Amino acid sequence: MISYINKTLHGLHVTWWFKNIFKCFIFKAHKIPLLTFLWFCSSLKQLYKLGAKNIMVTNLGPFGCIPSQLAVKSVHGECVAFENKISANFNVDLKLLLSRLNSQFHDSKFMYVDTSSRILEYRNNPTKYGMFSMDITLS
């Protein structure tokens, strides 16, 4: 089993967890990235301890552009800047974390995958990708 785990590419995506904790009114918005970051760091180390050696981590997408944020906080359909800033700051910290983990665990590879810029590209240039508008989303 360990041999299989070592040869498999594992992936983690933080958006689901971040989105759900963002909905909680218990936490103040500025504390959410720290809580998510601590959980994520712990999860990555746990995967390593279980034998995972190749771990792909997708960054947090532009959280201010998801349908729930647009519906509640956007006036004219534009992305919500505050939430996007939280996402961008989290991604900077995530990239640094993965770099530190790569230095700490030489026999593993923690890979950062940027999905955020691709999502913003689709949103900002919908006709380039065969869509008329990003005002209507599927969720």
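**Cysteines and charged pairs**

Guide: C65 counts as buried because its relative accessible area is 9%; buried means under 20% relative accessible area, exposed means over 50%, and partly exposed is in between (1.4 Å probe, protein chains only). This is a predicted model, in which local features need pLDDT of at least 70 and side-chain atom pairs count only at pLDDT 80 or more, while totals for chains, interfaces and linings use all residues. Residues are numbered from 1 along each chain as its sequence is written, and side-chain values use heavy atoms, leaving out hydrogens and water.

The partner of C65 is C79: the two form a disulfide with sulfur atoms 2.0 Å apart, where a disulfide is a pair of cysteine sulfur atoms within 2.5 Å. In general, such a link is a covalent bond between the sulfur atoms of two cysteines. The torsion about the S-S bond of C65 and C79 is about 115°, so this disulfide is right-handed. C65 sits in the loop between strand 2 and helix 4, and C79 in the loop between helix 4 and helix 5, 14 residues apart. Helices (H or I, at least four residues) and strands (E, at least two) are DSSP runs, numbered from the N terminus. A search of the whole structure finds 1 disulfide.

Now for the charged pairs. Side chains of opposite charge can pair when their charged atoms come close. The whole structure has 3 salt bridges, each a side-chain nitrogen of Lys or Arg within 4 Å of a carboxyl oxygen of Asp or Glu.

E83 belongs to helix 5 and K73 to helix 4, 10 residues apart. E83 is buried because its relative accessible area is 2%, whereas K73, at 41%, is partly exposed.

K53 and D107 make another salt bridge, at 3.3 Å from N to O. K53 lies in the loop between helix 3 and strand 2, and D107 in the loop between helix 5 and strand 3, so the pair ties together parts that are 54 residues apart in sequence. K53 is buried at 17%, while D107 is partly exposed at 46%.

Finally, E121 and K128 meet in a salt bridge, also 3.3 Å from N to O. E121 is partly exposed, with 21% relative accessibility, and K128 is exposed, with 59%.
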